[in-house]
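Please walk through the side-chain contacts and the surface of the structure shown here.

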Amino acid sequence: GTRIIYDRKFLLDRRNSPMAQTPPCHLPSIPGVTSPGEAGEEPKVDTSTLNHQEGKPSMGDDAQFEMDI
């Protein structure tokens with residue numbers, strides 16, 4: 001296949017074009033992502049989905065499996 005390669009200067013020039021300043025036609029409206037969110041809205045972190053291992057000693061970040069020696 002043919003690979004299209006754009007250099008940095010070309011892409012930076014396209015950033016300021018009028019077409020780059022308008023959103024796509026069929027873009028869904030997602031508050032805070034594709035459309036501006038409410039003024040007082042802050043992102044919320046759900047602490048129940050974080051990976052906590054209470055009661056177990058930490059074996060390090062790279063320990064994926066427990067080993068019995």
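The structure holds one salt bridge, a term that requires a side-chain nitrogen of Lys or Arg within 4 Å of a carboxyl oxygen of Asp or Glu. The partners are D13 and K9, whose closest N and O atoms are 3.1 Å apart. Because D13 and K9 are four residues apart in helix α1, about one helical turn separates them; helices are DSSP runs (H or I, at least four residues), numbered from the N terminus. K9 is exposed, at 58% relative accessible area, while D13 is partly exposed at 38% (buried means under 20%, exposed over 50%, partly exposed in between, with a 1.4 Å probe and protein chains only).

This is a predicted model, in which local features need pLDDT of at least 70, side-chain atom pairs count only at pLDDT 80 or more, and totals for chains, interfaces and linings use all residues. Residues are numbered from 1 along each chain as its sequence is written, and side-chain values use heavy atoms, leaving out hydrogens and water.

The count of aromatic pairs comes to one. Y6 and F10 form this pair, which is stacked, with 5.3 Å centre to centre and 10° between the planes. Rings of Phe, Tyr and Trp (its six-membered ring) pair if their centres lie within 6.5 Å, and planes under 30 degrees apart count as stacked, over 60 as edge-to-face and the rest as tilted. Y6 lies in the segment before α1 (8-15). Y6 is partly exposed at 48% relative accessibility, and F10 is also partly exposed, at 34%.

Notes:
Helix = DSSP H or I, 4+ residues; strand = E, 2+ residues; numbered from the N terminus.
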